[in-house]
Amino acid sequence: MQPRNMSMSGVVDLAAVKAAGEAKAKAEQARAESARQAAQGGGAGPAAGAVPPSALVFDVDEAGFERDVLQLSAEVPVVLDFWAEWCQPCKQLSPLLERLTVEANGRLVLAKVDVDANQMLMQQFQIQGIPAVFAVVAGQVLPLFQGVAPEQQIRDTLAQLVQVAEERFGIIGIEVDASAEGAAESAPVEAPAGPYDALLEAAVVALDAGDLGGAVQAYKNVLADDPGNTEAKLGLAQAELLARVQHMNPQEVRTAAAENPRDPAAQIAAADLDLVGGHVEDAFGRLVDTVKVTFGDDRDAVRLRLLELFEVIGADDPRVTAARTALARVLF
């Protein structure tokens, strides 16, 4: 899948965003103060302002946005991860962003924004679907990408973000004190508790590494012995969805769907993209509408894909319940 708007060139005009020049001046002041304190304190202990690795990833809300994001962006690039609990693609992307942030070792931080609890921020950033990822550097808001992307593309984008922060704004990040969490990091990892935990963990690791084929196979291995395993069924549906959209050209898919409203293959592909982009109701509605105008094998193919997408979101989600009702009205 080619993520939309994976670019460092855009700037979102927010009333709350400070001027870049002011933020850059603050960054220079902060670095000068840190250097002065480090010189006064000699070589003992971490420099002033050093943070533990766990502080590199944090939640942010509307009330704390000015302090926790805009002001902090004068010292370190702040990546914004807009997510929601119901968003399954978010659950694939967020752990990867967290891991890459910790690996960056202070050259950037990750602020997580729950869109359900922060509707105003979602509106200010003009977000059309989640997951959506932005960055704030010296008060400048930069759109990075929307939807799920391969790990290497995300690594490249974050590397470009760090480079822009250093070269354009002189922002070099914050110091990390790894010793603050050394004891926790050295604690032994508990062995898997259940008979399929190791296989499920292998699937998650494969997903994080972008090995969608490996994830699919790991989930299938669980289901071969335990067909009713809920976690494996959900994971398989998600992995298969990501595998289907991985090499799609979004523009071509959406053009084909717009030009061929009765073509089941075109509508199924567009629905997959809708779901990965966080447009759950659009994906369901598209397929229900397609069921209305198709017959025989074509209708059955669309219906089956809709049922697969229900698995991705989860049976308890109210949008799934509503779509099931709509589908039943069309069929019966």
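Predicted model: local features only at pLDDT ≥ 70, side-chain atom pairs only at ≥ 80, totals over all residues.
**Overall make-up**

The protein contains 14 helices and five strands, and buried residues account for 45% of its 332 residues. Its accessible surface amounts to about 16100 Å², and 52% of that surface belongs to carbon and sulfur atoms. When contacts between residues at least 6 apart in sequence are considered, 73% of them join residues at least 24 apart. Proline 150 sits in the loop between strand E5 and helix H5 (151–169), and it is partly exposed, with a relative accessible area of 29%.

**Two helix pairs**

Two packed helices are described by the angle between their axes and the distance between the axes. The table gives these values for two pairs in the model.

| Helix pair | Angle between axes | Distance between axes |
|---|---|---|
| H10 (residues 250–259) and H11 (residues 264–276) | about 130 degrees | 8 Å |
| H12 (residues 280–292) and H13 (residues 296–313) | roughly 160 degrees | within 9 Å |

For the H10 and H11 pair, whose axes pack at about 130 degrees, the angle makes H10 oblique to H11, and the crossing of these helices is left-handed. On the H10 side the contact is made by Pro250, Val253, Arg254, Ala256 and Ala257, whereas H11 contributes Ala266, Gln267, Ala269, Ala270, Leu273 and Asp274. Sorted by kind, the residues of this contact between H10 and H11 are eight nonpolar, one polar and two charged.

For the H12 and H13 pair, the axes cross at roughly 160 degrees, an angle that makes H12 roughly antiparallel to H13, since angles over 145 degrees are counted in that class. H12 passes H13 in a left-handed crossing. The H12 residues that make the contact are Val280, Ala283, Phe284, Leu287, Val288, Thr290, Val291 and Lys292, and they meet Arg299, Val302, Arg303, Arg305, Leu306, Leu309, Phe310 and Ile313 of H13. The residues of the contact of H12 with H13 divide into eleven nonpolar, one polar and four charged.

**Backbone features in loops**

Most residues other than glycine have a negative phi, and most peptide bonds are trans.

The peptide bond that joins isoleucine 130 and proline 131 is cis, with omega at about 5 degrees. Proline 131 belongs to the loop between helix H4 (119–124) and strand E4 (132–137).

Asparagine 105, a residue other than glycine, has a positive phi near 55 degrees, and its place is in the loop between helix H3 (88–103) and strand E3 (109–114). With a relative accessibility of 49%, asparagine 105 counts as partly exposed, because the exposed class takes in residues over 50%.

Alanine 138 likewise is not a glycine, and its phi is positive at about 50 degrees. This alanine 138 lies in the loop between E4 and strand E5 (140–146). Is alanine 138 buried or exposed? Alanine 138 has a relative accessible area of 0% and is therefore buried, as residues under 20% are.

Key
Residues numbered from 1 in each chain as written. Heavy atoms only, no water. Axes fitted to C-alpha atoms, helices over the stretch in contact; angles between N-to-C directions. Helix = DSSP H or I, 4+ residues; strand = E, 2+ residues; numbered from the N terminus. Parallel < 35°, antiparallel > 145°, perpendicular 65-115°, else oblique. Left-handed = near helix turned anticlockwise from the far one by under 90°. Contact = heavy atoms within 4.5 Å. Nonpolar A, V, L, I, M, F, W, Y, C, P; charged D, E, K, R; others polar. Buried < 20%, exposed > 50% of the residue type's maximum accessible area, 1.4 Å probe, protein only. Areas by Shrake-Rupley, 256 points an atom, 1.4 Å probe, with all protein chains shown as cover.
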